[in-house]
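You asked for a quick read-through before you start clicking around in this one. Here are my notes, in the order I would go through them.

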Amino acid sequence: MNPVLAELHDKARAVLDPVHHDFFAGGAGDEVVLAENEAAFRRLALLPRVLRGREIGEDFPVMISPTAFHKLAHPDGELATARALSGTTLVSSTASTVPIADVVAAATGPVWFQLYVQPDMAVTEALVRRAEQAGCRALVVTADSPVFGRHRRDLAHGFHDLPPGLAAENMRDLVEPGLRNIAMSPTVSWEHIDRLREMTALPLWVKGILHPQDAELAVGHGVAGVVVSNHGGRQLDLVPASLDALPAVVDAVAGRVPVALDGGVRSGGDIALALALGASAVGIGRPVLWGLAADGDQGVRRVLDVLRDEFLHVLTLCGGELSRDMVVKRC
Ligand code: FNR
């Protein structure tokens, strides 16, 4: 790992309450998918193209994936994350410990709102209005969570609720406070996507797509984009690594909408591999939390800076363009 990321990772582990560290680091079940997300990148190699004679742009197609409860990592919570963007998009979680309006006000880049559709559509609509009024530029509906994932580390620690003083602030005055006040329900369906599209003019993305037929359905239901994701290995511990699921989804979508990916991205090389396999952008989850826990907004900035620098270097070494024919399996 890049030494800056390794330093932030180690510092985060040292400063975090071990229970909160395990909440951030852990996955579901045996944590097979958690490990696979990173391992999948190591199984692939890039065949660079040479002598293309191109100038390399500064595009950095990275966003910050939605993660819950940033105040467990740093007292400034999501405000610190938002301050560190310098142009990068933050997908801010429903389960934010800072209200979405304050996140957007502090942000130095675009903010999108990650939505857990609530079975009570009046609550869902209230969340959508909060996101709109805050100035969010898109909604990202998380589709892979019909029920909470079973995180053995949290169960072993008895971690069920936020410490006193912290709350899922976007839910304030909508439901009773508490960690589990965000409902997850298997009754959420494509019909809810249709209703959301009627409810708001914001572009609607769906996150947590792995099956190509769901990608096809998403396009059919008029989404603005899909995110190939297994929730960082925190939901079903039987699924493929996000990277391994990406090509079939890219083929099914066939360029009709952008396809982003998150899960296991830890370097500029990983970003390049995902883009070469057809991702339009890549989301970063845990490394942002390492930076936040280690050093607040400065730490998050360092994570983004390192990834940007590495990615542009790899892109230059690859001749400035990435395509699927450049990806081969390691023997
Ligand atoms: C998440 N993730 C997540 N996703 C989401 O849609 N809403 C959420 O509130 C959360 N919360 C959350 C908390 C924590 C601690 C983690 C680690 C993850 C999933 C997240 O958006 C993303 O899919 C993964 O984190 C990406 O994998 P990496 O980069 O962490 O490997």
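The points below start with the overall fold and then move to single helices, loops and the ligand.

1. First, keep in mind that this is a predicted model.

2. On overall dimensions, the C-alpha trace spans about 60 × 45 × 40 Å along its principal axes. Buried residues make up 49% of the 331. As for contacts with a separation of 6 or more, 71% of them join residues 24 or more positions apart.

3. Have a look at how helix H1 (residues 3–15) sits against helix H12 (residues 286–317): their axes come within 10 Å and cross at roughly 170°. An angle over 145 degrees counts as roughly antiparallel, and H1 and H12 are therefore roughly antiparallel to each other. On the H1 side the contact includes Val-4, Leu-5, Leu-8 and Val-15, and on the H12 side Leu-289, Trp-290, Val-303 and Val-306 are among the partners. By class, this contact has 12 nonpolar, three polar and two charged residues.

4. Is helix H11 (residues 268–276) buried or exposed? Eight of its nine residues are buried, so H11 is largely enclosed by the rest of the structure. The buried ones are Gly-268, Gly-269, Asp-270, Ile-271, Ala-272, Leu-273, Ala-274 and Leu-275. Just after H11 comes Gly-278, with a positive phi of about 110°.

5. Two backbone angles deserve a second glance, given that most residues other than glycine have a negative phi. Ser-86 is not a glycine, yet its phi is positive, about 35°. You'll find Ser-86 in the loop between helix H4 (78–83) and strand E3 (89–92). Ser-86 is exposed, with 11 other C-beta atoms within 10 Å.

6. The other one is Asp-173, also not a glycine, where phi is positive and near 65°. Asp-173 lies in the loop between helix H7 (152–157) and helix H8 (190–199). It counts as exposed, with 6 C-beta neighbours inside 10 Å.

7. Finally, the ligand. Which residues are closest to it? Ser-65, Ser-93, Thr-142, Gly-232 and Gly-285 are, out of 23 residues that surround the ligand. The shell divides into seven nonpolar, 12 polar and four charged residues.

Terms used. Residues are numbered from 1 along each chain as its sequence is written. This is a predicted model: local features need pLDDT of at least 70, side-chain atom pairs count only at pLDDT 80 or more; totals for chains, interfaces and linings use all residues. A residue is near a molecule or strand if its C-beta atom, placed from the backbone, lies within 6 Å of it. Ala, Val, Leu, Ile, Met, Phe, Trp, Tyr, Cys and Pro count as nonpolar, Asp, Glu, Lys and Arg as charged, and the others, Gly among them, as polar. Axes are lines fitted to C-alpha atoms, for helices over the stretch in contact, and angles run from 0 to 180 degrees between N-to-C directions. Helices (H or I, at least four residues) and strands (E, at least two) are DSSP runs, numbered from the N terminus. Angles under 35 degrees count as roughly parallel, over 145 as roughly antiparallel, 65 to 115 as roughly perpendicular and the rest as oblique. Two residues are in contact if their C-beta atoms, placed from the backbone, lie within 7 Å. A residue is buried if 20 or more other C-beta atoms lie within 10 Å of its own, exposed if 12 or fewer, and partly exposed in between; C-beta atoms are placed from the backbone.
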